[in-house]
Amino acid sequence: MRSVITGTGIGIPPHVVTNEALARIMDTSDEWIRVRSGIQERRYAEPGQGSTDLGVIASRQAIADAGLAPSDIDVVLFATMTPDFLLPGNGPLLQAALGLRDIPTFDIRQQCSGFLYGLELADLFIQSGRYQRVLLVGAEVHTAFMPWHLGWDTLIGQSNREITEAERAENTTVRDRTVLFGDGAGAVVIEARDGASGLGTIRLHTDGTGAGVLTMPGVSFKRRPFVSHEQIRAGETVPVMSGKDVFRSAVTLMPQVIREVCEASGLAVKALDLVLIHQANLRIIEGVQKALGLPPEKVPHNIERYGNTTAATLPILFHECRQQGLLRPGMNIVFTALGSGLHWGAALYCV
Ligand code: UT7
């Protein structure tokens with residue numbers, strides 16, 4: 001029995017925010033953002049629109065694409081680092097919004113690697129015979145952690161006031177992270193099927209000694225109280241990242257785990273038809289591609305249009321590759337990601 005992706009969908013929010021728009025509220029430039037990250041624009045959700053809402057849009061599309069009804073789904077896996085609430089998770093909210101049966105829902109919080117961890121669970125569920133139809137969702141609304149009180153509403157046309165110098169200076173203190181992220185969702189339906197197509201070897205890793213390189217210090221149950229005005233004022237609700245450390249890990253560990261997966265599958269790296277890499281930085285994507293000795297056309301990307309959507313990058317990219325006709329039966333694809341945790345991994349998939 002194989003775990004086959006039979007439906008895909010995406011939830012792309014309405015507001016396009018260009019690099020030039022960001023440069024109006026902080027000291028940054030289109031050139032810096034493009035050269036350092038490859039990002040040209042990203043999408044922002046409406047205020048009040050959460051990652052569940054985007055996940056619902058993507059899921060409806062994926063379920064219909066698979067030719068199924070919501071009542072056919074046996075289990076939900078929802079990966080996000082930006083849930084609507086600390087509790088409950090997005091799983092039950094999505095279940096209610098889609099009108100699913102009272103099936104189990106799991107919330108996955110492996111950040112950028114959330115979709116990969118979801119693939120592993122989906123495959124184990126299907127291999128064990130426990131469930132036949134899995135809905136796996138990756139969705140994020142990162143804009144919630146942007147400092148909205150500093151004029152971010154101007155970016156989505158909700159205000160056209162001038163930013164003060166003090167606001168501009170404050171926005172600039174978080175520019176290294178805020179310019180990278182966007183909102184979005186992707187969903188896949190994974191079904192048990194006989195045949196050659198489906199998920200193959202999956203390898204997942206965690207190195208908790210690297211937990212500090214990408215973390216959000218504010219809103220923590222180690223704090224008393226767990227959230228305060230001071231934390232917000234100090235910018236502690238914006239993730240803190242040691243960009244260079246994450247970059248170094250990404251360009252080293254993703255090629256390594258892809259080799260591990262290929263070796264375990266008896267497949268040469270050169271035999272991979274497509275490598276779908278977590279969309280965090282175009283320089284990372286190109287670094288992994290070069291480290292593997294693959295031509296650029298085998299490594300599609302869409303970071304230029306969406307920025308980093310964390311758990312949503314891989315399902316959005318897979319959906320777009322499918323839409324563009326890049327996936328042909330028999331192709332060997334590998335998904336890979338690395339992010340906060342550190343968590344990383346790779347999963348082989350035969351179309
Ligand atoms: O998905 C989660 C995993 N995350 C990642 O994989 C991200 C990994 N890291 C990266 O993608 C890169 O490290 C960044 C894009 C975050 C940063 O690129 P970098 O080449 O490492 O730049 P840097 O942090 O060394 O900053 C270089 C300069 C600094 O100025 P000085 O100190 O050289 O004068 C920064 O202050 O660029 C400045 N800078 C900016 N300038 C304009 C930082 N952010 C900005 C900005 N606009 N937005």
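Before reading any sheet, I noted that two strands pair if DSSP finds at least two bridges between them. Strands (E, at least two residues) and helices (H or I, at least four) are DSSP runs, numbered from the N terminus. The model is a predicted one, in which local features need pLDDT of at least 70 and side-chain atom pairs count only at pLDDT 80 or more, while totals for chains, interfaces and linings use all residues. Residues are numbered from 1 along each chain as its sequence is written, and side-chain values use heavy atoms, with hydrogens and water left out.

**Entry 1, domains.** I found the protein chain divided into domain 1 (2-193) and domain 2 (198-350), with bounds that come from an automatic or database domain assignment. Their centres, taken over C-alpha atoms, are 15 Å apart, and the contact (heavy atoms within 4.5 Å) draws on 50 residues of domain 1 and 49 residues of domain 2.

**Entry 2, the sheet of four strands.** I traced an open sheet with the order S8-S13-S12-S11 and mixed pairing. Its edge strands are S8 (198-206) and S11, each of which pairs on one side only. Within this sheet I looked up S12 (residues 332-339) and S13 (residues 343-350), which pair in the antiparallel sense over eight bridges; Gly 339 has His 343 in S13 as its bridge partner. Helix H5 (residues 114-128) packs on the sheet and touches S8, S12 and S13, and helix H12 (residues 313-323) also packs on it, touching S11, S12 and S13.

S6 (residues 133-140) and S7 (residues 184-193) pair in the antiparallel sense over eight bridges, and the bridge partner of Leu 136 in S7 is Val 188.

Is Asn 281 buried or exposed? I found that Asn 281 counts as buried because its relative accessibility is 9%, where buried means under 20% relative accessible area, exposed over 50% and partly exposed in between (1.4 Å probe, protein chains only). Asn 281 sits in the loop between strand S11 (274-277) and helix H10 (282-292). Leaving aside neighbours within four places in sequence, Asn 281 is in contact with Arg 36, Ser 37, Phe 247 and Ile 303.

Notes. Axes fitted to C-alpha atoms, helices over the stretch in contact; angles between N-to-C directions.
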